[in-house]
Amino acid sequence: MGMPALVCCVDAVVAPPGYAAFIAGDSSLAAAVPFSSSTTATVASGDSISTDWSSAHSAALYRIDSWGAPYFAVNDSGNIVVRPYVSPHCSVSDVLKNRLESLQSAFELAIQAQCYESHYQGVYPVKCNQDRFVVEDIVKFGSPFRFGLEAGSKPELLLAMNCLCKGNPEALLVCNGFKDAEYISLALLARKLALNTVIVLEQVEEVKLVIDISKKLSVRPVIGLRAKLRMKHSRHFGSTSGEKGKFGLTTNQILRVVKELDGSGMLDCLQLLHFHIGSQIPSTALLQDGVGEAAQIYSELVRLGANMKVIDIGGGLGIDYDGSKSGNSDLSVSYGLEEYASAVVNAIRVVCDRKSIKYPIICSESGRAIVSHHSILIFEAMGAAAPTTPAMNQLNIPFIMEGLSEDVVADYWNLRDAAMRHDNETCIFYAAQLKQRCVEQFKEGTLGIEQLGAVDGLFDLLTKMIGGSESARTYLVNLSIFTSILDFWSIGQIFPIVPIHRLDERPAVKGVLSDLTCDSDGKIDKFIGGETSLPLHELDGCSGGGVNGRYHLGMFLGGAYQEALGGVHNLFGGPSVVTVLQSDGPQSFAVTRAMPGSSCGDVLRAMQHEPKLMFNTLKHRAEEFCGFDAAALSDSVARSFHNMPYLEPASSCSLTAMNGSGSYYCNEEDYNAALVECGVSEDEQWSYCVA
């Protein structure tokens, strides 16, 4: 979801005292504190520097300028702002437009600088995000430079055909993926509809289908083939590369396809070579190696008589998820758009010059690089685990000592002596031994639960005071990781996560995020920079700085794949989607589209349940057992079917969306009045939900 924001530039400043220690997780004291029944201790918390914290410090802490530039920044009020680099009047959709224009510009600059006598003409692989408005915007924004679409299945081909009817007639429609007769027939029909369609062969068997069906339909096809390169991208996203990759044709298979086409009088139809090194290509050296090998195959196809025109380098243009600009990580890449384009153009030009062949049109399928930035997932922290470490004056040492066995008491005095000597290592040893022996006494029934809890508190306090690791607090977030951030769970993909407000305040808590699902994997405990916790703010301090006193976080760079991959784990459906544009109105933004997320009824239908029948069963049950309360209970159950599965925080204004039309109402009375005015029937109301 896009968040409204104003534009503000932030200058870098020097970090305040204690900042480096906070990053490193160093909470050690200058000296250990002696423990006794009559001693209390004060722990320096760093609160004295909280007034020195600024938005710029948060930008540095969360690396926003590294992974977010030029689109995301922090303003002086401590709020995340969204801005495309080229204009102060921005929106999330403008970010998508700017990504397309930046990619196009990078290739045009490389082509001009290297005197490359052809052009760049990209396609967007719709598998990255098949959302109708995303695809339509890409076709619209890409029309001036003939930007097309790539499909990998029959449904994707249908939506691509529909969208390109309003696009540039020269825009490519690249048909990838495994194909049957229906897929090929549909692609040939697209060519009859004057769409610039290319059928890319992934298997040798597909060539006979294309030849036979094209003759039956009297369509002269444009054919491409996907080559398996011998070079391999060894990182996580490179599994589709190399001779053992899932897709594409080996050298001998390419020769068989050429022979088949030549024997059918259709070798001139072979016009495109496609390959794919793998997603998140880490370096331009690896990129040039692969493109150079493919350009050599392209030149050989020209020599064999194919009417070659286009080289499609596939995807692989990487995203810097953590801002490290590193080529040694799946989360980053060591190049920018201009370096990427220059490497591609150079690798193709060198081979073509050596072979004295005409430069091909360069096509890429850079889906992740186009759509990752345009979407922000906003979610709320609903609560947090209470701090477990007590203050020293809260510990009742004489109470702890009651009922302890002699060896446990001996551990306590050894612990106290070590603390007096400032021997931290020995302190930790005896504290752990004390805790373990108390646990054993508790299991035997000779120690009460209150004393065990007090010993736990003593251990936690001691560990914190002498610099031991402090466990992170768990923040419950109104989210399903399996629905909205599936790549985190499935392949370990890490995305930047940042509080979207209160960034002018110093975060005081290290936290991990736990979602609403009843699954132990529904937790985010890995963050950019290799961190196992995220700096967060106390929830009970939100009243002065949040939205209605609430605490919201954003996950960034997740516009590719997450919305398409999400399932219905625990029957949590997709979130509501809001499109925000800059406007000249009093609030400086406008919500141009608001689509409510799935209702409880919607996700139940997805699993073959019938909400209406379920409601009738429960209604009859209420009438049988609840008497006069039956009607009220039935109404409550009906509302539950209409509402979203996610938690609904208490608020003075509950936004209610009507039937996906984009109409929102701030209270139930206005909503019900709208139903009457629109003449909505009771049956139709099953598709309404609270957003």
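Me: In this predicted model, where a residue counts as buried under 20% relative accessible area and as exposed over 50%, is H374 buried or exposed?

Reply: H374 is found in the loop that runs between α12 (367–371) and β11 (377–384). Its relative accessibility is 10%, and the cut-off for burial is under 20%. Because of that 10% value, H374 counts as buried.

Me: At what angle do helix α10 and helix α11 pack?

Reply: Two packed helices are described by the angle between their axes and the distance between the axes. Helix α10 spans residues 284–303 and helix α11 spans residues 337–355, with their axes 8 Å apart. The crossing in which α10 passes α11 is right-handed, and the packing angle is about 35°.

Me: How many of the residues in the contact of α10 with α11 are nonpolar?

Reply: On the α10 side the contact includes L287, V291 and A295, while the α11 side includes Y340, V344 and I348. Six residues of the contact are polar and four are charged, and the number that are nonpolar is nine.

Me: Which residues touch the most other members of the largest nonpolar core?

Reply: This core holds 136 residues, and its largest share, nine residues, comes from α11. Not counting residues up to four places away in sequence, Y124 touches F147, L149 and I370, among others. The residues that touch the most other core members are Y124 and L270.

Terms used. Residues numbered from 1 in each chain as written. Predicted model: local features only at pLDDT ≥ 70, side-chain atom pairs only at ≥ 80, totals over all residues. Heavy atoms only, no water. Axes fitted to C-alpha atoms, helices over the stretch in contact; angles between N-to-C directions. Helix = DSSP H or I, 4+ residues; strand = E, 2+ residues; numbered from the N terminus. Left-handed = near helix turned anticlockwise from the far one by under 90°. Contact = heavy atoms within 4.5 Å. Nonpolar A, V, L, I, M, F, W, Y, C, P; charged D, E, K, R; others polar. Core = buried A, V, L, I, M, F, W, Y, C linked by side-chain atoms within 4.5 Å. Buried < 20%, exposed > 50% of the residue type's maximum accessible area, 1.4 Å probe, protein only.
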